[in-house]
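Good morning, colleagues. Please take a moment to look at the sequence and the structure on the screen.

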Amino acid sequence: MEAIVYYYPHGHEAHFESGHPERPDRIEAIVRGIKEQDWWDRVPKLEPLPLDLELITSVHSPRYLEALQEACKWGRHLDADTYTTPHSWELALHTAMGACAVTREVWSGSSQYGFAFTRPPGHHATRERGMGFCLLNNVAIAAEYLRHHFQKLEGKPGADRVAIIDLDLHHGNGTQDIFWTRGDVLYISTHQSPLYPGSGRLDEVGSGEGLGKTVNLPLPPGTGDVGFQACMQEVILPLLTRFGAQILLISVGFDPHWRDPLGHLMLSAEGFRKLIVLLKDWATVHSQGKIALFLEGGYDLEAGAACVQAALAALFDQPWQDPLGPAPHAEGASWRGVLERALQLWHLTEQ
């Protein structure tokens, strides 16, 4: 078994708009950070799985996919923030199937962990539209692959209960939308509030069969390392246990970092490492250690390099020193009110 596998989106440089924060430099800074720790060359790199349009259309509507393909043909914007180029359609498809390739390796037991450096990112893409820099929802497609396509393609059982933990600065409204009425996928998000896209309230909990399978922790600016760890230990891990997740799919945004220009959650890279350690320890006990990570946001290059080192140090159980250190401003305490309300909402106060 490999310890970890990567997916690198070859050709992603062709998805580019001058001056836009979602730029190719993000991936290249991350790769440099990995190479600095000698964690690149010795790790297998996966190719995307063969394109499965039935899988893609089980997550995104044919109407949206047709509109996306047409927008990419002409390099049009989907909205004011979300650009395309004539290469973006093919790159987005490859990235989605690269996410599935990583998920396949982890679920099948060929690798303990996987990290898909997914670009374009995905968690804002809903079933009906792309937005927030996102074209196709990579983590949702990976989850759907595990639930309904793995057994058909591999002849082995897929996962019955998939958990998605979204650690991006912004709420993953697209992932929430896709699984809102589903009871087989647990979606948990920590995110800054108020902030784009304006969704992700505590009381957004799913509906129908999905009631109670959407969990939001809208955190105030200044939450910092202590607040994040408290939310992880007191809410997220107990809910993963209650759900009985068989694999963890983690949408990792590096934009909660204190250096990021788009937010103010004030998480450090060391704090991020500790979150991944907690998830890794949970998975070791409850889900055979199965974890796959998918890149979302993160727009400061040095923070991205430090955070990817932090995540891999956690997975490799290797010593590591945070080159950027803690946030220069004191952490706030108003996150405690969010945590208390979440504990009451999810009936965790006696656990």
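The model is predicted: local features need pLDDT of at least 70, side-chain atom pairs count only at pLDDT 80 or more, and totals for chains, interfaces and linings use all residues. Residues are numbered from 1 along each chain as its sequence is written, and side-chain values use heavy atoms, with hydrogens and water left out.

Let us begin with the sheet. Helices (H or I, at least four residues) and strands (E, at least two) are DSSP runs, numbered from the N terminus. Eight strands make up an open sheet with parallel pairing, in the order β2-β1-β3-β8-β7-β4-β5-β6; two strands pair if DSSP finds at least two bridges between them. At the edges are β2 (45–46) and β6, each of which pairs on one side only. Helix α4 (residues 88–108) packs on this sheet and touches β1, β2, β3, β7 and β8; contact means heavy atoms within 4.5 Å.

Which strand is joined to β6, and by how many bridges? Strand β5 (residues 185–192) runs parallel to β6, and six bridges join them. Within β6, Thr214 is the bridge partner of Tyr187, and Pro218 is that of His191.

Is β6 (residues 214–219) mostly covered or uncovered? Six of its six residues are buried, where buried means under 20% relative accessible area, exposed over 50%, and partly exposed in between (1.4 Å probe, protein chains only). Thr214, Asn216 and Pro218 cover one side, and Val215, Leu217 and Leu219 the other; all are buried.

I turn to the interior. A nonpolar core is a set of buried Ala, Val, Leu, Ile, Met, Phe, Trp, Tyr and Cys residues joined through side-chain atoms within 4.5 Å. The largest has 70 residues, and those with the most contacts inside it are Tyr6, Phe115, Leu240, Leu248 and Phe272. Another core, of 44 residues, lies apart from it and includes Tyr7, Leu55, Cys72 and Phe150.

Val252 is found in strand β7 (residues 247–252) and is buried, with a relative accessible area of 0%. Leaving aside neighbours within four places in sequence, its contacts include Phe115, Phe272 and Leu293. Val252 and Cys307 are 55 residues apart in sequence and 9.5 Å apart in space, C-alpha to C-alpha.

Finally, helix α9 (residues 301–316) has 16 residues. Of these, 14 are buried, so α9 is largely enclosed by the rest of the structure. Just after α9, Asp317 takes a positive phi of about 55°.

Notes
The expected span of a helix is 1.5 Å times one less than its number of residues. Axes are lines fitted to C-alpha atoms, for helices over the stretch in contact, and angles run from 0 to 180 degrees between N-to-C directions.
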